[in-house]
Amino acid sequence: MDVKLYKTKDLPESAFLFASEVKLESIDRNGKTCWFTFLDKDLCLRLTHAFWTADAPISAKKYFF
């Protein structure tokens, strides 16, 4: 099975992906930087585009639960 992973070090983007219920595969520390790795790269790219263009409807409450 060819799993495409998506990595980011941006904390708000990572929180958004996690709140959007994308599976978090791992968190890797490199010095003071943490890299967040998510499954389903294609989904992450679509969601990330919506996040950065402020076109993503998501409840702020999702960030806390």
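Student: Which residues is Phe 38 in contact with, leaving aside its neighbours within four places in sequence?

Tutor: Contact means heavy atoms within 4.5 Å, and by that rule the partners of Phe 38 include Tyr 6, Leu 17, Val 22 and Cys 44. Keep in mind that this is a predicted model, where local features need pLDDT of at least 70, side-chain atom pairs count only at pLDDT 80 or more, and totals for chains, interfaces and linings use all residues. Residues are numbered from 1 along each chain as its sequence is written, and side-chain values use heavy atoms, with hydrogens and water left out.

Student: What makes E2 and E3 paired strands?

Tutor: Strands are DSSP runs (E, at least two residues), numbered from the N terminus, and two of them pair if DSSP finds at least two bridges between them. E2 and E3 (residues 33-39) are joined by 6 bridges, so they pair by that definition. They run antiparallel, and Arg 29 stands opposite Cys 34 in E3.

Student: Why are E1 and E2 called edge strands?

Tutor: The open sheet has the order E1-E3-E2. Strand E1 (5-8) and strand E2 (24-30) each pair on one side only.

Student: What makes up the largest nonpolar core?

Tutor: Such a core is a set of buried Ala, Val, Leu, Ile, Met, Phe, Trp, Tyr and Cys residues joined through side-chain atoms within 4.5 Å, with buried meaning under 20% relative accessible area (1.4 Å probe, protein chains only). Here the core has 8 residues, among them Phe 16, Phe 36, Phe 38 and Leu 47. H1, E3 and H2 are the elements that give two or more residues to this core.

Methods
Helix = DSSP H or I, 4+ residues; strand = E, 2+ residues; numbered from the N terminus. Buried < 20%, exposed > 50% of the residue type's maximum accessible area, 1.4 Å probe, protein only.
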